[in-house]
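Welcome, and thanks for taking a look at this one. Please have the sequence and the model open side by side while you read.

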Amino acid sequence: MINKDMEHEIVQELMAPQSGGIERMLDESPLGAEKRNRLNKSVKLLQESKEVVSNVTDRISFHGDQESD
């Protein structure tokens, strides 16, 4: 009985238009936002590093090919 009453109150709080309960639950936490930003920066750095390494290996391959001629 108590659980049903509490459940009803919680649902009313979440669904009330003036409380914004669902929107608050869906908001990203500051910690989550910071982690996402750091992850995005790491991905960008890895992509840039991949391009640099690719360019270096291409140059090594090109110079190696010239020496064998």
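The notes below go through fold, confidence, surface and a few individual residues.

## Fold and confidence

This is a predicted model, so let us begin with the overall layout and the confidence scores. The protein chain contains three helices and zero strands, and along the sequence its elements follow the pattern α-α-α. Helix α1 covers residues 2-15, helix α2 covers residues 21-26, and helix α3 covers residues 30-68.

How confident is the predictor across the protein chain? The average pLDDT is 83, and 86% of the residues score at least 70. Among the elements, helix α2 has the lowest mean pLDDT, at 70, while α3 has the highest, at 90.

## Burial and surface

The protein chain has 69 residues, of which 6% count as buried.

Which residues form a nonpolar patch on the surface? They are V52, V56 and I60, and together they have about 270 Å² of accessible area. V52 sits in helix α3. With a relative accessible area of 52%, V52 is classed as exposed, because the cut-off for that class is over 50%.

## One salt bridge

Side chains of opposite charge can pair when their charged atoms come close. How many salt bridges does a search of the whole structure find? The search finds one. The partners are E28 and R36, whose closest N and O atoms lie 2.9 Å apart. That distance meets the criterion for a salt bridge, because the cut-off is within 4 Å.

## L14 and M25

To finish, here is a pair of residues you can check by eye in the viewer. L14 belongs to helix α1, and its relative accessibility of 26% makes L14 partly exposed. Along the chain, L14 and M25 are eleven residues apart, and their C-alpha atoms are separated by 8.9 Å.

Note on methods: Residues are numbered from 1 along each chain as its sequence is written. This is a predicted model: local features need pLDDT of at least 70, side-chain atom pairs count only at pLDDT 80 or more; totals for chains, interfaces and linings use all residues. Side-chain values use heavy atoms; hydrogens and water are left out. A salt bridge is a side-chain nitrogen of Lys or Arg within 4 Å of a carboxyl oxygen of Asp or Glu. Patches are made of residues with over 30% relative accessible area and no salt bridge: like charges are joined within 9 Å, nonpolar side chains (Val, Leu, Ile, Met, Phe, Trp, Tyr) within 5 Å. Accessible areas come from the Shrake-Rupley method with a 1.4 Å probe; for residues, only the protein chains shown count as cover. Helices (H or I, at least four residues) and strands (E, at least two) are DSSP runs, numbered from the N terminus. Buried means under 20% relative accessible area, exposed over 50%, partly exposed in between (1.4 Å probe, protein chains only). pLDDT is the predictor's confidence in each residue, from 0 to 100.
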